[in-house]
Amino acid sequence: MRGLGRFYQLHVSCAGHADPTTGYFISIKHIDKAVAQHAVPYLDQLINTTAVTAAVPMGRLMATLIDRLGPPLDHTVAAVQLDLAPYYWLTIESNDMQHVTIHQHYEFSASHRLHVPAMGDDDNRSVFGKCNNPSGHGHNYQIKVAVRAPIDPRGHATPVERIDALIDEAVLQKLDHKHLNVDVPQFADLNPTVENIAQVIYGMIQPRIGELGVELRDVSVWETGKTVCVYSGDKT
Ligand code: NI
């Protein structure tokens, strides 16, 4: 890469059974070769002939990637993911070629205190430790929202800016730089653990996401770089 290059990542997932003799399902070299021959030149050509600001039909692009990789990989490709930026990527699944899933990250800063009044102070301290500090403590939360969007007849999926605007209004403005226990009504009687935060954020998005003609798949919340909770709705 020279000068102002561009950086993308492509993830290809293949699904199948391991051969009982070799223990191989598919050779990784086989996948590498298929990607190098059938996906990279296609992307290269598009990248070299398309302005950065052009409205590329990303849904069609994702479907084309699966279509091109299918035959050389014996139709084992289950999903393809294209990272357009470190915190924004698209996925498509071979059994759902009319949709893409848009994954976008956001962040907010908030304070909270883990405390359950019904448990008594000693139990709270022993269960929640430092997180029970009476004055609270802060986190820089990262969230990832995954929405399943239809590919329209022109090959486009819902622009991510529309998702960004909805998340900003429905979630970030309500949580950013707030004390969750004090300022956010959903936590008035709910302990703001990362599990509950993921569910509350899901609940903030779910009633409104239909406005964009897309469907909420899941919400991931990172309380630290290592601790993440994913909520994908009540499946019971
Ligand atoms: Ni905490």
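Strand E5 (residues 137–150) and strand E7 (residues 215–222) pair in the antiparallel sense over seven bridges; two strands are taken to pair if DSSP finds at least two bridges between them. Within this pairing, Val145 has Val219 in E7 as its bridge partner. E5 is also joined to E4 by 14 bridges, and E4 and E5 run antiparallel. Here Tyr106 stands opposite Ile143 in E5. In a regular strand the side chains alternate between the two faces of the sheet.

The model is a predicted one, in which local features need pLDDT of at least 70 and side-chain atom pairs count only at pLDDT 80 or more, whereas totals for chains, interfaces and linings use all residues. Residues are numbered from 1 along each chain as its sequence is written.

The chain contains six helices and eight strands, where helices (H or I, at least four residues) and strands (E, at least two) are DSSP runs numbered from the N terminus. Their order from the N terminus on is β-α-α-β-β-β-α-β-α-β-α-α-β-β. Along the principal axes, the C-alpha atoms occupy a box of roughly 65 × 50 × 40 Å. Of the 236 residues, 25% are buried, a term applied if 20 or more other C-beta atoms, placed from the backbone, lie within 10 Å of the residue's own. Among contacts between residues at least 6 apart in sequence, 65% join residues at least 24 apart; a contact requires C-beta atoms, placed from the backbone, within 7 Å.

The domain assignment divides the chain into domain 1 (1–94) and domain 2 (102–236), with bounds that come from an automatic or database assignment. The C-alpha centres of the two domains lie 30 Å apart. In the interface, 10 residues of domain 1 are in contact with 10 residues of domain 2. On the domain 1 side, helix H2 (58–69) and strand E3 (88–93) are the elements that give two or more residues. The residues on that side comprise seven nonpolar, two polar and one charged, with Ala, Val, Leu, Ile, Met, Phe, Trp, Tyr, Cys and Pro counted as nonpolar, Asp, Glu, Lys and Arg as charged, and the others, Gly among them, as polar.

H2 has 12 residues and spans 17 Å from its first C-alpha to its last, close to the 16 Å expected at 1.5 Å a residue, the expectation being 1.5 Å times one less than the number of residues. Its buried residues include Leu61, Met62, Leu65 and Ile66. The buried residues of H2 pack against strand E1 (9–14), helix H1 (28–49), strand E2 (77–85), E3 and strand E4 (96–112).

Key. Contact = placed C-beta atoms within 7 Å. Buried ≥ 20, exposed ≤ 12 C-beta atoms within 10 Å, placed from the backbone.
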